Amino acid sequence: MGSLSNRKSTLRIVYPMPIFLVFLLSPCLAGNVPANFVFGDSLVDTGNNNYIVSLSKANFIPNGIDFGKPTGRYTNGRTIVDIIGQKVGFKDFTPPYLAPTTVGDVVLRGVNYASGGGGILNYTGKIFGGRINMDAQLDNFANTRQDIISRMGDLGAMKLLQRSLFSITIGSNDFINNYLTPILSAAEQKLVSPETFVGAMISRFRLQLTRLYSLGARKMVVANVGPIGCIPFQREINPNSGGDCVSFPNQMAQLFNAQLRSLVAELSANLEASKFLYADVYGIVDDIIHNYESFGFENANSSCCHIAGRFGGLIPCGPPSKICSDRSKYVFWDPFHPSDATNEIVADRLLDGQSDDIWPLNIRRLIQS
């Protein structure tokens, strides 16, 4: 992880103006962005998996304990996109595509297509049964786009989509639940090199992001893959790491991220009037993990919601789980996902951070552009 772990924690939040002005501007920012469209995996799923037959679900306690109830979010509270939406002034959380209430004029304010277990590659997450991978999420967005056109006409729909915010947070499952799946992936790792696998991901992702552009998206925030070798699950199944972050998964993530940044630059240069942002979630979360005390955390390696294992990373969070006494002190909510407190730090730095957090500009400046 090299220099990433030496990043200054003082970059946690960077406000280009006094804080009270930032919050006064929030409704104005929401006016600049009529809708919020979300693509991704369980890091940003707000309930789509509630409506499919899948082993990957989070619509049960103690998930959502700080949200008021379980909703299908894989955390104790809000996702990163929930928090960004709140901070820019959206009145409601962006609803899941498959929810029966996500119909009519609701879709004009945005839709969440993310699915727990979903990935860039269509084979990813097969161990869960049902999941909605990126290609299928784009199919669903195409359906929404037709609904918008039917309500606003071609020109009105085009203008709405060009001003809307699109975020894509996907790729972790292509490693965790595909190339790095314990036992099941052993043969693939022998036949397919990390470089070849990552190359296939990037090639597919290029097609997907280009399709999203062709469907009308112009302002797109593309998150990279976080330090997946540091999640409690990876620490648990790799005892030889001595409890530290596991090197190989992180190396895979960094290999992908380097090519993803180049892809974002390529698409921005080649697709007319597009604005792609590269969100360095890896760097931000790595900073939090290695400097956790300076961010107010007490634990950076274990699951708050836990059942078994040294780090509580062996079994997913569920009704039999125990939960930590103060969830705001844990970086990780469960074996795979960050807590609400971590998500808020990440959201703040993507919204107002400098170019080493999000490049070439932050989300607030994208919205104002």
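This is a predicted model: local features need pLDDT of at least 70, side-chain atom pairs count only at pLDDT 80 or more; totals for chains, interfaces and linings use all residues.

Student: Which residues of H6 are buried?

Tutor: In general, an α-helix has 3.6 residues a turn, so residues three or four places apart point the same way. Here, the buried residues of H6 are Phe197, Val198, Met201, Ile202, Phe205, Gln208, Leu209, Leu212 and Tyr213. Viewed down the axis of H6, these buried residues fall within an arc of 135 degrees, so they line one face of the helix. The face turned away from that buried side carries the exposed residues Leu207 and Ser214.

Student: What span should the 21 residues of H6 have?

Tutor: At 1.5 Å a residue, helix H6 (residues 194-214) should span 30 Å, and its end C-alpha atoms are 30 Å apart, which agrees. Just after H6, Gly216 adopts a positive phi of about 120 degrees.

Student: How many disulfides does the structure hold?

Tutor: A disulfide is a covalent bond between the sulfur atoms of two cysteines. This structure holds three. In the disulfide of Cys230 and Cys245, the sulfur atoms are 2.1 Å apart. The torsion about their S-S bond is about 115 degrees, so this disulfide is right-handed.

Student: Is the link of Cys304 and Cys324 left-handed or right-handed?

Tutor: With -90 degrees about the S-S bond, that link is left-handed. Both Cys304 and Cys324 are buried.

Student: What is the pairing of the bonded cysteines, numbered in sequence order?

Tutor: The pairing is 1-2, 3-6, 4-5. Cys305 and Cys317 also form a disulfide, with sulfur atoms 2.0 Å apart.

Conventions: Residues are numbered from 1 along each chain as its sequence is written. Side-chain values use heavy atoms; hydrogens and water are left out. Helices (H or I, at least four residues) and strands (E, at least two) are DSSP runs, numbered from the N terminus. The expected span of a helix is 1.5 Å times one less than its number of residues. Buried means under 20% relative accessible area, exposed over 50%, partly exposed in between (1.4 Å probe, protein chains only). The arc is that of the directions from the helix axis to the C-beta atoms. A disulfide is a pair of cysteine sulfur atoms within 2.5 Å.
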